[in-house]
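Please look over the structure shown here and keep it in view while reading the report. The text takes up the overall fold, then the packing, and then some single residues.

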Amino acid sequence: MGKLTIGCFSSLVGSMNLDFSVKLASAAIEKGHKVDFWVSGNGTMLSIKGQKAFKDYTHLEKTVKELMTKGLTATACEACAEARGYHKENTIEGFKRHSMDWYLASIFDADRVLHIGGE
């Protein structure tokens, strides 16, 4: 199987880009692909541990943790996270934090690359 790199550039409010990106990553992993998943901007909220689940409201922490046990490499833009007050000690265990060069390196050796969002 191949390697897919997904870059999710989630907008401020009302965007379903993050939900779609996680579902896409899940489908690719289930088909046996390696997936590198990058979030930047407001998408870095995905990396925060201790998210609270509400009825009828998107909640992705559990899903992302499960995907990481199946091989998902999830990485948040460190500068974006810090700028929003999300520090390393608040990050889900196993969720990486790097600068944009990590994402560029992942793109370089990927079979397919998808940039989602960025409106």
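What follows is a report on a predicted model, arranged by topic.

## Overall fold

The protein has 4 helices and 5 strands, and from the N terminus on these elements run in the order β-α-β-α-β-α-β-α-β. The radius of gyration of the protein is 13 Å, close to the 14 Å that the globule rule gives for 119 residues, so the protein is as compact as a globular protein of that length. Along its principal axes, the C-alpha trace spans about 35 × 30 × 30 Å.

Buried residues make up 42% of the 119 residues, and the protein exposes about 6900 Å², of which carbon and sulfur atoms supply 57%. Among the contacts with a separation of 6 or more, 72% are accounted for by residues 24 or more positions apart.

## Strand E1 and its partners

Strand E1, which covers residues 3-10, is mostly covered, since 7 of its 8 residues are buried. E1 pairs with E2 in the parallel sense over 8 bridges, and within this pairing the bridge partner of Phe9 in E2 is Ser40.

E1 is also joined to strand E5, residues 112-117, by 6 bridges, and these two strands run parallel as well. Here Cys8 stands opposite Ile116 in E5.

In soluble globular proteins, nonpolar side chains tend to be buried together. In this model the largest nonpolar core holds 22 residues, and Val35, Phe37, Val39, Leu46, Leu72 and Phe95 are the ones that touch the most other members. The elements that give two or more residues to this core are strand E1, helix H1 (17-30), strand E2 (34-41), helix H2 (61-69) and strand E3 (73-77), with the largest share, 5 residues, coming from H1.

A second, separate core consists of 5 residues, including Trp38, Cys77, Cys80 and Tyr103.

Ser40 lies in strand E2 and counts as buried because its relative accessibility is 8%, under the 20% cut-off. Not counting residues up to four places away in sequence, Ser40 touches Cys8, Phe9, Ser10, Cys77 and Cys80; of these, Phe9 is the residue whose bridge partner is Ser40, while Cys77 and Cys80 are among the members of the second core.

Gly43 is found in the loop between E2 and H2, yet Gly43 counts as buried, because its relative accessibility is 0%. With residues up to four places away in sequence left out, Gly43 touches Ser10 and Leu18. Gly43 and Thr73 are 30 residues apart in sequence, and their C-alpha atoms are 15 Å apart in space.

## Lys88

Lys88 has its place in the loop between helix H3 (78-83) and strand E4 (96-98). Lys88 counts as exposed because its relative accessible area is 66%, which is over the 50% cut-off.

Leaving aside neighbours within four places in sequence, Lys88 is in contact with Glu82 and Arg97. From Lys88 to Met100 the separation is 12 residues in sequence and 16 Å in space, C-alpha to C-alpha.

Technical notes. Residues are numbered from 1 along each chain as its sequence is written. This is a predicted model: local features need pLDDT of at least 70, side-chain atom pairs count only at pLDDT 80 or more; totals for chains, interfaces and linings use all residues. Side-chain values use heavy atoms; hydrogens and water are left out. A nonpolar core is a set of buried Ala, Val, Leu, Ile, Met, Phe, Trp, Tyr and Cys residues joined through side-chain atoms within 4.5 Å. Buried means under 20% relative accessible area, exposed over 50%, partly exposed in between (1.4 Å probe, protein chains only). Contact means heavy atoms within 4.5 Å. Two strands pair if DSSP finds at least two bridges between them. The radius of gyration is taken over C-alpha atoms; the globule rule is 2.2 Å times the number of residues to the power 0.38. Accessible areas come from the Shrake-Rupley method with a 1.4 Å probe; for residues, only the protein chains shown count as cover.
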